[in-house]
Amino acid sequence: MPEITITRDIDAPQADVWALVANPSRFADWNTLHTRWVTPPPDALAVGMVITEVVTIKGVVDTITFTTEELTPPRQVGLSGSGSTGSTVSLVFTVEELPDGRSTVSLYIKFESPLLFGPLNKVIERAFRKQLEASLQRLSSAFE
């Protein structure tokens, strides 16, 4: 099943990037997989918090209930979720401070689904990689 990490340097301080990445109500501003929230999200995450998001990948819509498993501000947030299609998802967003006032952002995803087998697995993996790259591009553009 797809397990992908994408990393990008962003021209913004860690605190500014963290404020956007760790705020679920701002996911639509940069996360290209995000379609909508089932209920209005909080402005800040807390360990144990549960949020339900609708995501779309390659035209497949999945409603995923995430639990915040790890939260280490302003560096890392880890979410785990289960979807309406029987999928399971692990997401980790990491923001590292660079010495020049910039940041390095990494998005990690591990996605498992009973619907993924054979060639479809590779198609979905490419789609996830493309969407994560687009998300980091959008995130970077938010600071230009």
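This is a short walk through one protein model, from the overall fold down to a few single residues.

The model is predicted, so local features are taken at pLDDT of at least 70 and side-chain atom pairs at pLDDT 80 or more, while totals for chains, interfaces and linings use all residues. Residues are numbered from 1 along each chain as its sequence is written, and side-chain values use heavy atoms, with hydrogens and water left out.

I start with the fold. The protein has three helices and seven strands; helices (H or I, at least four residues) and strands (E, at least two) are DSSP runs, numbered from the N terminus. The order along the sequence is β-α-α-β-β-β-β-β-β-α. The radius of gyration is 15 Å, close to the 15 Å that the globule rule gives for 144 residues, so the protein is as compact as a globular protein of that length. That radius is taken over C-alpha atoms, and the rule is 2.2 Å times the number of residues to the power 0.38. Along the principal axes, the C-alpha atoms fill a box of roughly 45 × 30 × 20 Å.

Next, burial and surface. Of the 144 residues, 42% are buried, where buried means under 20% relative accessible area, exposed over 50%, and partly exposed in between (1.4 Å probe, protein chains only). The protein exposes about 7100 Å², and carbon and sulfur atoms supply 53% of that area. Accessible areas come from the Shrake-Rupley method with a 1.4 Å probe, and for residues only the protein chains shown count as cover.

On contacts, meaning heavy atoms within 4.5 Å: among those with a separation of 6 or more, 48% are between residues 24 or more positions apart.

Now helix α1, residues 14-21. Which of its residues are buried? They are Gln14, Val17, Trp18, Leu20 and Val21.

Moving to the strands, Thr68 lies in β4, residues 60-72, and is buried, with a relative accessible area of 1%. Beyond its neighbours within four places in sequence, Thr68 contacts Leu45, Ala46, Val47, Gly48, Met49, Val77, Gly78 and Leu79.

The loop between β4 and β5 (76-83) holds Pro74. The peptide bond from Pro73 to Pro74 is cis, with omega near -10°. For background, most peptide bonds are trans.

Thr94 sits in strand β6, residues 88-97, and is buried at 11% relative accessible area. Setting aside residues up to four places away in sequence, Thr94 touches Arg75, Gln76, Thr104, Val105 and Ser106. From Thr94 to Thr35, 59 residues apart along the chain, the C-alpha separation is 22 Å.

Last, helix α3, residues 119-141, which contains Ser135. Is Ser135 buried or exposed? Ser135 is buried, with a relative accessible area of 1%. Not counting residues up to four places away in sequence, Ser135 touches Trp30, Asn31, Thr32, Leu33 and Leu107. Ser135 and Phe27 are 108 residues apart in sequence and 9.7 Å apart in space, C-alpha to C-alpha.
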